[in-house]
Amino acid sequence: MVTGLAPALALAPAPAICLALTLAPILPSPSAAQDRPLTADMTEVYRTGGVNAPEWALFGPAASLQTGFDGAGNLVVLDAFNKRVVVVGPDGRLVRIVGREGEGPGEFQAVRAIAVWRDGRFAVPDTEHSAVQLFSPDGELERFVRWPGEPRNLSTALRHSEIRADPRGDRIIARGVEGVLVEMMSFGNRLQGYPEDDTEGVDDRALEVLDLSGDVVAPEPVLQGWRAPRPEPPSSTSLDDWPKIVAAVEDRYFEPGLHWDVLPDGTIVYSDSTTYAVKLASPDGSVTRVLRRPLAPEALSERIRRGTIAFRLERLEERLANPPSTSLPFGTDPEQSRRRIRDREFYHEVPVVQGIRATWDGGLWIQRRGENPWDDQGPIDVYDTDREYVGTLSAGEPAMPIAFGPNGLVAHLESDEFDVATLVVSRVER
């Protein structure tokens, strides 16, 4: 144990587990020469899900699960595939199931994200309802907050791909959806003769605040991240032009995205470039501080090109051999999927930052790319509640949590070769 490092993870004491932070010899590797290595010991509290789970814990595919902790240590799970919310207590037992598939109040039709407040309230946007449904801590539907204007058509139906509860109150902070999905929906609308949808909204490199205090959602853009320049997609109804449309809007391999999270005081933390420059912004989007480390992006090479394509093709063949419950990207034709993997363009360098998570008490875990450029599950830099660098956890020791909770709780998501999901909750202490 290294004195003075434990508070950096902002974890409260718990008798079951120890997160041991121990300085190890620093190896002079080019990519991590400035790392201060940490080791982490974590003990499992419970796991739920998997093939032998009770009926209430038979979750849909891993990609359909979204989670968040409340202040009592309950894990609130949106199981979008099964159109329900499952609340799991700190002991791993079922607390309640909220909702089911249906068109009525408190029922779900087209959902993909959840925001959980610390007092136990949660919000679930539902495309088919054209509203955000707000629930009380005991799982009762409090009210609908309607989206402004007429119900949106398909080109904006998937408007928000990620959401977080805003600690300032009845607000959600939301990221826009990927341009290729929006264009896919727009293309479908054009094929069917529907008018173009001029609804304004942010894209996947931007965040907006959704005020839910009234009867109608009040969106307000707050932050626009950087996007690499791209050509304008052609406006066409010809299927022959679809590859050109996709090429114009689809992210290239290694193109920097927007990685982000929200700290307990409302500060937005994000990365939008290939460099190690993690920005802290006030709730209005203005940058107040930038966290930097001397780690440079890697230039694209022919070795990286070949390795990336080989890696993606190998993953595709694994999915074809053991099909999950989710569809393959852009259709189910295997040869088309292989061709898309080979033909996709590359950005000119590999970003350093691959993920950001805020801890319950306001620290940060920042994940970097792995040893191979195509591996986005690399080492994790740990920052304390003052946002000062503490050290680096080796890749996979542990993996990046999908949620942080009170008293040292963290949640991870596992899935088997058939995409059967298991939620694993652990506790860490100083």
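Trainee: Which helix do the buried residues of H5 pack against?

Mentor: They pack against helix H4, residues 302-321. Packing here rests on contact, that is, heavy atoms within 4.5 Å. Keep in mind that this is a predicted model.

Trainee: Which residues of H5 are buried?

Mentor: H5 spans residues 334-343, and Ser-337, Arg-338 and Ile-341 are buried in it. Buried means under 20% relative accessible area.

Trainee: Why are the buried residues of H5 said to line one face of the helix?

Mentor: Look down the axis of H5. The buried residues fall within an arc of 100 degrees, so they line one face.

Trainee: Now the strands. What makes E3 largely enclosed by the rest of the structure?

Mentor: E3 covers residues 65-69. Four of its five residues are buried, so the strand is largely enclosed.

Trainee: How do you know that E3 and E4 pair?

Mentor: Pairing needs at least two bridges. E3 and E4, residues 75-79, have five, and they run antiparallel. Within this pair, Leu-65 stands opposite Asp-79 in E4.

Trainee: What lies between E3 and E4 in their hairpin?

Mentor: Five residues. In the turn, Gly-73 has a positive phi of about 90 degrees.

Trainee: What is the strand order of the open sheet?

Mentor: The order is E3-E4-E5-E6, four strands with antiparallel pairing.

Trainee: Why are E3 and E6 called edge strands?

Mentor: Each pairs on one side only. E6 is the strand at 94-98. From one strand to the next, the twist averages 20 degrees.

Trainee: Let us step back to the whole protein. How many helices and strands does the protein have?

Mentor: Five helices and 27 strands.

Trainee: What share of the residues count as buried?

Mentor: Of the 430 residues, 51%. The protein exposes about 19,600 Å², and carbon and sulfur atoms supply 49% of that area.

Trainee: What share of the contacts comes from residues 24 or more positions apart?

Mentor: They account for 54% of the contacts with a separation of 6 or more.

Note on methods:
Residues are numbered from 1 along each chain as its sequence is written. This is a predicted model: local features need pLDDT of at least 70, side-chain atom pairs count only at pLDDT 80 or more; totals for chains, interfaces and linings use all residues. Side-chain values use heavy atoms; hydrogens and water are left out. Buried means under 20% relative accessible area, exposed over 50%, partly exposed in between (1.4 Å probe, protein chains only). Helices (H or I, at least four residues) and strands (E, at least two) are DSSP runs, numbered from the N terminus. Axes are lines fitted to C-alpha atoms, for helices over the stretch in contact, and angles run from 0 to 180 degrees between N-to-C directions. Accessible areas come from the Shrake-Rupley method with a 1.4 Å probe; for residues, only the protein chains shown count as cover. The arc is that of the directions from the helix axis to the C-beta atoms.
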